[in-house]
Amino acid sequence: MTTMLYIAGRIVDDKDKKAIHWQLLGVFEKAGDAEDLCMTMKDFVRPVKKNTKLPEVGQRPTAIYFPRNK
């Protein structure tokens, strides 16, 4: 049973670093599936633990990576 989920997203507006706007591309059980959806340099993957509360809005998310920026 997987304990992680992988959110794929795309940054659509990052002019204000305190209020970055992004678009949800998908949620997957495998990191590779989320990475495969990332087509631009602004697409990212964020691993999150399943059934776990995320930090409050405004805190900088951790573990986000941009697969096309390698």
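Here is a friendly conversation about a predicted protein model and its strands.

Student: How many residues score at least 70, and what does the protein average in pLDDT?
Tutor: This is a predicted model, where local features need pLDDT of at least 70, side-chain atom pairs count only at pLDDT 80 or more, and totals for chains, interfaces and linings use all residues. Residues are numbered from 1 along each chain as its sequence is written, and side-chain values use heavy atoms, with hydrogens and water left out. The pLDDT is the predictor's confidence in each residue, from 0 to 100. Here 90% of the residues score at least 70, and the protein averages 89.

Student: In what order do the three strands of the open sheet stand?
Tutor: Strands (E, at least two residues) are DSSP runs, as are helices (H or I, at least four), numbered from the N terminus. Two strands pair if DSSP finds at least two bridges between them. Seven bridges join β1 to β2, and β1 (residues 4–13) also pairs with β3 over seven bridges. The pairing is antiparallel, and the order is β2-β1-β3.

Student: Which strands stand at the edges, each with a single partner strand?
Tutor: In the open sheet the order is β2-β1-β3. Each edge strand has a single partner, so one side of it is left without a neighbour in the sheet; these strands are β2 (21–28) and β3.

Student: Which residue in β3 is the bridge partner of Arg10?
Tutor: Let's walk along the pairing of β1 with β3, which is antiparallel. Leu5 stands opposite Val48, and Gly9 has Phe44 as its bridge partner. For Arg10, the partner in β3 is Asp43.

Student: Is Asp43 buried or exposed?
Tutor: Buried means under 20% relative accessible area, exposed over 50%, and partly exposed in between (1.4 Å probe, protein chains only). Asp43 is found in strand β3, where five of the seven residues are buried. Asp43 has a relative accessible area of 0%, so it counts as buried.

Student: Which residues make up the largest nonpolar core?
Tutor: A nonpolar core is a set of buried Ala, Val, Leu, Ile, Met, Phe, Trp, Tyr and Cys residues joined through side-chain atoms within 4.5 Å. In soluble globular proteins, nonpolar side chains tend to be buried together. The largest core here has five residues in all: Tyr6, Ala8, Ala34, Cys38 and Val45.

Student: How does Ala63 count at 49% relative accessibility?
Tutor: Ala63 lies in the segment after β3. Contact means heavy atoms within 4.5 Å, and, not counting residues up to four places away in sequence, Ala63 touches Val45 and Pro47. Ala63 and Val45 are 18 residues apart in sequence and 8.4 Å apart in space, C-alpha to C-alpha. With its 49% relative accessibility, Ala63 counts as partly exposed.
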